[in-house]
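Here are my notes for a colleague who is opening this entry for the first time. Please keep the sequence and the 3D view at hand while reading.

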Amino acid sequence: MITYNNLFEKITDIENIKLAIPEAAKKKRKKLAVRRALKNLDLVAEATAQKLKNGTWRPKAIHDVRQINDGIALKKRNIVCPEFVREQLVHHAILRVCGPLFMKKFYHYSFGSVPGKGKEKAIKAIRKAIQNHRKAKYYTVLDVHHFFESVEPLVAFRAIRRTISDKKVLFLLFLILHNNLARWPNGTIKRDGLLMG
């Protein structure tokens, strides 16, 4: 089993964080916090790197849940919106370094929410399978109902440890995964799997 170490320095590199800021800002540029971060790129990147390096970075304690209508089918989803500078930048900085390591292990026919593998690629793969196997008549779309809410953070963390062995990165990911305390629209506060968003 291959695991990766020495990732923390890459994640906390100021250049990595500077590149993570515009990536995290996609489709959010109207928000004041996003505009401020883009305007003060160097300052925000340096402050974020410093908090990560000295071990003082922590995600927000409680997130507010809101319901959205997602996609063409307007599927109702309960999501949280992490704070842009405090959380989303860190998520994207981690993803820039660790994302490719996880993508290598993905099943070839995983299409949902995978960059570069959208609906068009799925349709193309299905057509190819049908042409190559003349007797093929059916395909299926599989989805786990309320997937994020059903994942235990500790189970997800154990899976991550099969890829990453850098203790500092594991600690960051542990903080993010176990940051699942949410305030629902009716006022109740509860822990529920992994927060979506």
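1. Start with one residue. Is Thr163 buried or exposed? Thr163 counts as buried, at 3% relative accessibility. Please bear in mind that the model is predicted. Thr163 is found in the loop between α8 and α9. Along the sequence, Thr163 and Lys105 are 58 residues apart. In space, their C-alpha atoms are 9.0 Å apart.

2. Now the overall layout. The protein chain has 197 residues, and 30% of them count as buried. It holds 9 helices and 4 strands. Read along the sequence, the pattern is α-α-α-α-β-β-α-α-α-α-α-β-β. Taken along the principal axes, the C-alpha atoms fill a box of roughly 60 × 45 × 35 Å.

3. Next, the aromatic rings. How many aromatic pairs does the count come to? The count comes to 1 aromatic pair. Phe157 and Phe174 form it, in an edge-to-face arrangement. Their ring centres lie 5.4 Å apart, with 80° between the planes.

4. Phe157 is buried, with a relative accessible area of 11%. Phe174 counts as partly exposed, at 33% relative accessibility. The labels part ways because buried means under 20%, while partly exposed runs from there up to the exposed cut-off of 50%. On the sequence, Thr163 is in the loop between these helices, α8 and α9.

5. A charge and a ring also deserve a look. Which residue lies over the face of Trp184? Lys190 does, at 4.9 Å from the ring centre.

6. On cysteines, the search is quickly reported. How many disulfides does a search of the whole structure find? The search finds 0. Cys81 is partly exposed, with a relative accessible area of 34%. Cys98 is buried, with a relative accessible area of 1%.

7. Then the second largest pocket. Its volume is about 250 Å³. The lining includes His108, Tyr109 and Phe111. Lys117, Lys121, Lys124 and Lys128 are also among the lining residues. Ala125, Ala129, Asn132 and His133 line the pocket too. By class, the lining divides into 4 nonpolar, 3 polar and 4 charged residues.

8. Where does Pro115 sit in the chain? Pro115 is in the loop between α5 (84–103) and α6 (119–132). Pro115 counts as exposed, at 66% relative accessibility. The call holds because exposed means over 50%. Pro115 and Ala33 are 82 residues apart in sequence. Their C-alpha atoms are 25 Å apart in space.

9. Ala49 counts as buried, at 2% relative accessibility. Along the chain, Ala49 and Lys28 are 21 residues apart. Their C-alpha atoms are separated by 22 Å.

10. Finally, some backbone angles to inspect. What is phi of Asn6 near? Phi of Asn6 is near 55°, a positive value in a residue other than glycine. Asn6 sits in the segment before α1 (8–11). Asn6 counts as exposed, at 55% relative accessibility. Lys27 also has a positive phi without being glycine, and the value is near 65°. Lys27 is found in the loop between α2 (14–24) and α3 (32–39). At 89% relative accessibility, Lys27 counts as exposed.

How values were computed:
Residues numbered from 1 in each chain as written. Predicted model: local features only at pLDDT ≥ 70, side-chain atom pairs only at ≥ 80, totals over all residues. Heavy atoms only, no water. Phe/Tyr/Trp six-rings, centres within 6.5 Å; stacked < 30°, edge-to-face > 60°. Buried < 20%, exposed > 50% of the residue type's maximum accessible area, 1.4 Å probe, protein only. Lys NZ or Arg CZ within 6 Å of the ring centre and 35° of its normal. Disulfide = S-S within 2.5 Å. 1 Å grid on protein atoms, 1.4 Å probe; cavity = no way out; pocket = protein on both sides within 12 Å on 5 of 7 lines; lining within 4 Å. Points joined across faces, edges and corners; volume = space filled by probe spheres on them. Nonpolar A, V, L, I, M, F, W, Y, C, P; charged D, E, K, R; others polar. Helix = DSSP H or I, 4+ residues; strand = E, 2+ residues; numbered from the N terminus.
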